[in-house]
Amino acid sequence: MLTWTLWCGLLFVLWIYFLWSRRRFYLLTLKIPGPIGYPFLGMAHKLMRREDILNEFGIYMAKHGPTIFSWLGPIPFMIVSEPQVVQDILTSPHCVNKGIIYKAVDDGAGVGLFSLKDPRWSVHRKLLNPAFGHKVLLSFLPIFNKETAQLLSQLDALPGGGEKDLIPLLQSLTLGIATQTTMGCDVKSEENFKSNSLMERYQCRWARQLSGKEANYYRAKTEIRAFIRKLIQKRLSEDTEDSIKSKDKNIFLNLATDLLRRGVFDWKNVEDESNVIVFGAFETTANTVYYVLMLLAMFPQYQERAFEEIKSLFPNSGDFEVTYEDTQQMVYLDLVLNESMRVIPPVPVVSRQTSQDLTLTNGIVVPKGVQIAINMFHMHRSKKIWGPEAESFNPDNFLPHNTRDKHPYAFIPFTKGIRNCIGWRYALISAKVTLAKLLRNYRFKTSFKFEDLYYVEDITMKLKAVPKLEIQKRM
Ligand code: HEM
């Protein structure tokens with residue numbers, strides 16, 4: 001019995017030594033610095049809580065530099081925030097697949113464009129690209145305008161004075177826009193949607209991340225899925241040969257249901273892709289608009305400059321129609337939007353995994369099977385790239401003479417390369433329409449200090465405490 005125990009003990013020690021030396025081997029041969037972590041765990045114990053992830057990444061970067069190698073249990077992983085290394089990864093055909101962290105997205109929204117593996121991913125991406133073409137986006141402008149006009153009426157009706165949580169109104173706006181532009185139907189007008197607490201629960205996710213109410217959130221997501229399924233079924237049952245011919249074939253749902261009829265997509269593909277587009281569109285855009293308003297409330301001198309620009313385009317307050325040409329003239333608002341997405345990237349980290357060995361420009365070979373976190377949050381705030389004031393908010397950072405010498409991958413809120421955001425143009429136009437109408441009609445204020453913001457990685461960027469905003473009507 002004693003011998004048996006001794007043998008087991010010896011094997012256990014050898015196994016730990018094997019894991020440990022494999023890690024040391026990787027670290028030595030890869031020549032990338034990083035924390036080796038504990039046996040078995042690596043750095044997994046440090047990255048368990050979403051709330052700590054960005055903080056921990058910052059600590060590793062300060063200690064080991066912008067590109068780090070470590071372990072998540074038995075899994076090798078890298079954290080990257082160096083523009084050239086990021087470009088090497090995002091443009092490599094051996095790094096198209098998402099990392100394992102997106103399992104969570106699959107559970108909530110289904111396996112669509114966001115998490116599909118290649119070669120299936122490239123097939124879907126090619127098929128769905130036409131739904132994001134310039135002409136299709138232009139056709140959405142009346143919807144962006146009409147929905148934001150409704151938001152103005154809702155804001156006008158709010159009781160005056162005091163700071164308020166505007167996130168629910170903004171999420172409701174962008175969910176309405178997303179479902180109308182992609183599914184051809186406004187969720188808010190559906191009886192079923194009005195009567196359940198789905199949106200309320202979805203909005204609770206801001207509180208959820210701290211209270212651990214995951215179950216509620218996943219139930220809300222399941223309900224949104226069920227709702228989208230209903231919209232697809234409705235569309236398929238209503239379609240006739242004549243109605244199909246008369247519809248714009250590049251609108252997302254028309255495109256997807258056509259692929260279904262032709263047997264290119266199955267039912268689950270249509271459902272999953274619809275979910276991914278709606279989820280991908282509405283939360284990111286709502287957060288982006290909110291973060292811009294919040295930052296302008298914290299830095300009123302930049303809000304006034306943005307207001308002056310919008311006022312020169314739209315002298316009268318109240319509702320007005322914003323055209324695509326108008327959005328192209330909002331030069332200062334562009335600087336503000338970019339600077340806001342630099343300091344608070346709406347998606348702070350994206351992931352990849354190597355499907356084959358990848359040789360970086362600096363000669364380092366990243367082996368097959370390594371998980372990679374592209375750390376946009378810290379790259380966007382790197383003092384080496386953005387100067388000593390990198391962590392502050394100043395739209396001048398995007399004046400042409402300040403961006404001229406920056407690496408093209410130093411600022412990538414939608415990422416770049418092979419698998420960037422399919423909706424980036426859509427997002428920018430829709431955000432500009434909403435911001436123009438809001439900034440022309442209201443002054444935004446907050447007592448919350450920029451220095452007190454605490455950032456939480458949750459696929460999209462969250463804030464531990466969300467500043468409330470006070471609105472004052474402008475004439
Ligand atoms: C400000 C708003 C938005 C931001 C910051 C944003 C950012 C991102 C980022 C960082 C990714 C991951 C890219 C990568 O892994 O390299 C992504 C993917 C994606 N986004 Fe967006 N997004 C926004 C709005 C939208 C909108 C409006 C839509 C749809 C209408 C959309 C649809 C998608 C889809 C489908 C993907 C997956 C693309 C693929 O893997 O092929 N996004 N987005």
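**The sheet, the ligand and the backbone**

Four strands make up an open sheet with mixed pairing, in the order 1-2-6-3. Two strands count as paired if DSSP finds at least two bridges between them. Strands (E, at least two residues) and helices (H or I, at least four) are DSSP runs, numbered from the N terminus. Strand 1 (67–72) and strand 3 are at the edges with a single partner strand each, so one side of each has no neighbour in the sheet. On average, neighbouring strands of this sheet are turned by 25° against each other, direction ignored. Axes here are lines fitted to C-alpha atoms, for helices over the stretch in contact, and angles run from 0 to 180 degrees between N-to-C directions.

Before I go on, a word on the source: this is a predicted model, where local features need pLDDT of at least 70 and side-chain atom pairs count only at pLDDT 80 or more, while totals for chains, interfaces and linings use all residues. Residues are numbered from 1 along each chain as its sequence is written, and side-chain values use heavy atoms, with hydrogens and water left out.

Back to the sheet. Strand 3 pairs with strand 6 (residues 371–375) in the antiparallel sense, over five bridges. Arg352 is opposite Ile372 in strand 6. Helix 2 (residues 50–64) packs on the sheet and touches strand 1, strand 2 (75–80), strand 3 and strand 6; contact means heavy atoms within 4.5 Å. The direction of helix 2 makes about 125° with that of strand 1. Helix 3 (residues 83–90) also packs on the sheet, and its direction makes about 130° with that of strand 6.

Now the ligand. How many residues surround the ligand? There are 28, and the closest are Trp121, Arg125, Arg352, Thr415 and Cys421; a residue counts as near if one of its heavy atoms lies within 4 Å. They divide into 17 nonpolar, seven polar and four charged, where Ala, Val, Leu, Ile, Met, Phe, Trp, Tyr, Cys and Pro count as nonpolar, Asp, Glu, Lys and Arg as charged, and the others, Gly among them, as polar. Helix 15 gives the largest share of the shell, seven residues.

Which protein atom is the donor to the iron atom of the ligand? The single one is Cys421 (SG), 2.3 Å away. Donors are N, O and S atoms within 2.8 Å of the metal (3.2 Å for Na, K and Ca), and water is not among the atoms, so sites may look incomplete. Cys421 sits in the loop between helix 21 (400–403) and helix 22.

Thr415 lies in that loop, between helix 21 and helix 22. Thr415 has a positive phi of about 50° although it is not a glycine. Finally, Asp118 and Pro119 are joined by a cis peptide bond, with omega about 5°.
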